[in-house]
Amino acid sequence: MLEARSLNQLSGMPDEVVSSIITDPALRSCIQCGTCGGVCPFGYLMDYPPVRVIAALRADVFSKVFTSDTIWMCVACSMCSTSCPAQIPLTADLMSRLKEEMILQGSVPEELQTALENSQRYGNPLGEASRKRADWTRGAGVPVPIFGKDVTQADVLWFVGDYASYHPRALRASQALARLLRLLNVDFAILGNEESSDGDSQRLAGEHGLFELLAEKNGRVFKKYKFKQIITTDPHAFNALKNEYPLAGISYPVQHSTQFLYERIDQLKPFLRREVKARVVYHDPCYLGRANGIYEEPRALLKAIPGLTLVELPHHHKTSLCCGGGGGGMWLDGFQWEKSHTRLSEWCVQEALQLKAGVMAIACPYETPRFEDAIKIVSHTDGLAIKDVCELLLESVGTES
Ligand code: SF4
Ligand code: SF4
């Protein structure tokens with residue numbers, strides 16, 4: 001382990017993470033095609049996109065990778081992983097471990113550090129009090145039962161997630177889903193103040209220990225109640241519950257809310273009476289689409305809305321542009337702005353505006369605030385509205401139902 005030894009001499013870095021990268025046989029299957037650097041939205045700004053990280057590894061100059069802070073331009077969009085011909089798990093593995101090492105070295109942008117500390121201290125990256133987690137239910141207009149307070153069992157445990165619970169704009173989609181679930185007579189309940197952050201973005205940002213802590217905490221709460229399945233509107237929560245929690249023995253059937261509603265589309269359709277006359281584009285969230293292959297259910301729900309015309313963005317399905325919010329991007333905006341003077345959310349909005357769309361439909365609570373901010377910057381008009389699929393469905397139902 002010449003490389004690991006020289007690394008320690010150079011910077012005193014802990015061995016464990018670095019060694020796990022250096023000895024990873026998967027990385028040796030890289031053919032240096034450069035695809036990962038080419039498809040990466042911020043590849044043009046990163047000193048070490050995945051292809052160069054692996055090249056440095058081969059050339060025995062791996063320590064140089066840690067001299068650049070542009071690793072924090074990685075928004076964990078999964079574009080490199082899903083495009084790599086050698087099928088190397090770049091996003092969740094290599095990039096996340098590099099970030100873990102940067103965290104261990106104390107080289108973390110301040111805003112990300114704050115979000116990670118908040119997640120540890122308050123159970124959510126926004127630093128909100130856990131007792132306020134269910135406050136959004138007051139504006140739902142329908143009863144939203146809470147496990148432990150109102151019920152101890154329900155068919156469906158709705159894992160609401162951080163932004164969908166707390167963010168003043170994102171929580172409106174939660175309120176819309178609550179109404180839709182009531183309409184469909186779904187027996188559901190939320191966890192209220194017992195829910196903690198799913199931890200997925202923290203994990204992708206390199207905080208693996210914190211992720212495990214949050215997963216264990218949620219796992220302990222799940223065990224207290226009886227339910228048949230979990231649903232969530234949050235693609236990162238969905239990704240964690242579907243792919244990561246089972247690795248820690250926390251395994252339950254889980255669906256994204258669009259999958260759950262799509263399975264009930266025949267029951268839902270008679271309620272969709274109002275026309276929503278709009279030219280609508282749908283933005284595929286990275287961790288619903290690219291990372292988990294859910295593309296058609298949200299589209300089918302949108303197509304079921306009378307009057308709505310669905311148009312595809314230039315980048316859609318597998319090639320969808322990242323909003324820049326996942327995998328810690330929500331907490332790196334300032335850092336990334338300083339480096340790039342652009343935001344990925346602006347690129348997405350530009351595409352929608354070029355298509356003269358009236359609405360950009362989304363299926364991720366990170367996206368509403370990001371895209372609404374981006375519209376203010378790129379267009380200075382209110383011609384493009386951002387709406388969650390649940391909000392559009394409820395618009396067609398009408399709030400009096
Ligand atoms: S896309 Fe895969 S094979 Fe090609 S350079 Fe990147 S890591 Fe190597
Ligand atoms: S996950 Fe996305 S942002 Fe990160 S290196 Fe890969 S392509 Fe670039």
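A residue counts as buried if 20 or more other C-beta atoms lie within 10 Å of its own, as exposed if 12 or fewer do, and as partly exposed in between, with C-beta atoms placed from the backbone. This is a predicted model, in which local features need pLDDT of at least 70 and side-chain atom pairs count only at pLDDT 80 or more, while totals for chains, interfaces and linings use all residues. Residues are numbered from 1 along each chain as its sequence is written, and chains are lettered from A and ligands numbered from 1 in the order in which they are written.

Overall picture. The chain has 19 helices and eight strands; these are DSSP runs, H or I of at least four residues for helices and E of at least two for strands, numbered from the N terminus. Of its 401 residues, 49% count as buried. The C-alpha atoms fill a box of roughly 70 × 50 × 35 Å along the principal axes.

Now one helix. Of the ten residues in α12, residues 235-244, eight are buried. Among them are Pro-235, Phe-238 and Leu-241. The buried residues of α12 pack against α10 (200-204), β3 (229-232) and β4 (254-256). Contact here means C-beta atoms, placed from the backbone, within 7 Å.

Last, a glycine. Gly-358 sits in the loop between α17 (344-354) and β7 (359-362). Is Gly-358 buried or partly exposed? Gly-358 counts as partly exposed, because it has 17 C-beta neighbours inside 10 Å. Leaving aside neighbours within four places in sequence, Gly-358 is in contact with Ala-278, Arg-279, Leu-384 and Ala-385.

Technical notes: Two residues are in contact if their C-beta atoms, placed from the backbone, lie within 7 Å.
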